[in-house]
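Reader: I'd like to go over the pockets and the charged pairs here. Can you start with the terms?

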Amino acid sequence: MNKNNYTIRREEPSDIEAIDQLTKSAFASAAYSSGTESFIIKALRTNGQLTVSLVVEEEGMLIGHIAISPVTISSGTEGWFGLGPVSVVPAKQGSGIGSSLIRAAIDALRELHAAGCVVLGEPSYYGRFGFRSDTRLQYPHAPSEYFQIQSLTGAIPEGVVEYGDSFNVTG
């Protein structure tokens, strides 16, 4: 029995519409939201770039989702991925579901023998999962303290990180 009363599992085709609605709901009142998160997930899926897509299911309802997709590094280093968007239904935010999703996504990356993961987000939150700022990897489109990395192999490449084109969709 899961003590949390929810299950984390890989996305299934029948989850796609619920993921879309969940993502829209999760970001509807977020001050930092671009409003394009659900479009980004759709584009990642369409472009074959949704490397890891995990959902949280509770009593037959999807209440959380996380996406992981490849990023490029200007040095040509491969095997690095970007974490996000992470969505939790508003009524369940702050209950640890997002944390569980992030840990499960990092575990999934380890299973894929990924080199590392980057995230754009609140340092105090993502630092709990081993993410930290490192000047060897840069993302020029945001303040450096919000761009954080986690090496899964110990090696940290140098270069500029870019997310896939799917992150540029607006509708």
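Author: A pocket is an open set of grid points with protein on both sides within 12 Å along at least five of seven lines, and lining residues have an atom within 4 Å of a point. Note that this is a predicted model.

Reader: Fine. Which elements supply at least two residues each to the lining of the second largest pocket?

Author: Strands β6 (137-138) and β7 (147-151) do. The lining also includes S133, D134 and T135, as well as Y139 and A142.

Reader: What's the volume of that pocket, and how does its lining divide by class?

Author: The volume is about 150 Å³. The lining has five nonpolar, four polar and two charged residues.

Reader: And the largest pocket, how much space lies in it?

Author: About 1100 Å³. It is lined by 41 residues, and those closest to its centre are F27, Y32, P85, L120 and Y126.

Reader: Which element gives the largest share of that lining?

Author: Strand β4, with six residues. Other elements that give two or more residues include α1, α2, α3 (97-111) and β8 (159-163).

Reader: How many of the lining residues are charged?

Author: Five are charged, next to 19 nonpolar and 17 polar residues.

Reader: Switching to electrostatics. How many salt bridges are there?

Author: The count is 10. One of them joins the side chains of D15 and R9, at 2.6 Å from N to O.

Reader: Are those two buried or exposed?

Author: D15 has a relative accessible area of 5%, so it is buried. R9 is at 18%, which also counts as buried because the cut-off is under 20%.

Reader: Which residues are linked with them in a network?

Author: E12 and E57 are linked with R9 and D15 in a network of salt bridges.

Reader: What about R45, which side chain does it meet?

Author: R45 meets E11 in a salt bridge, 2.9 Å from N to O. That pair links distant parts of the chain, 34 residues apart: R45 is in helix α2 (residues 37-46), while E11 is in the loop between β1 (7-10) and α1 (16-27). E11 has 21% relative accessibility and therefore counts as partly exposed.

Reader: And D20 with K24, where do they lie?

Author: Both are in helix α1, four residues apart, which is about one turn of the helix.

Note on methods: Residues are numbered from 1 along each chain as its sequence is written. This is a predicted model: local features need pLDDT of at least 70, side-chain atom pairs count only at pLDDT 80 or more; totals for chains, interfaces and linings use all residues. Side-chain values use heavy atoms; hydrogens and water are left out. A salt bridge is a side-chain nitrogen of Lys or Arg within 4 Å of a carboxyl oxygen of Asp or Glu. Buried means under 20% relative accessible area, exposed over 50%, partly exposed in between (1.4 Å probe, protein chains only). On a 1 Å grid over the protein atoms alone, a cavity is a set of points where a 1.4 Å probe fits but cannot get out, and a pocket is an open set with protein on both sides within 12 Å along at least five of seven lines; lining residues have an atom within 4 Å of a point. Grid points are joined across faces, edges and corners, and a volume is the space filled by probe spheres set on the points. Ala, Val, Leu, Ile, Met, Phe, Trp, Tyr, Cys and Pro count as nonpolar, Asp, Glu, Lys and Arg as charged, and the others, Gly among them, as polar.
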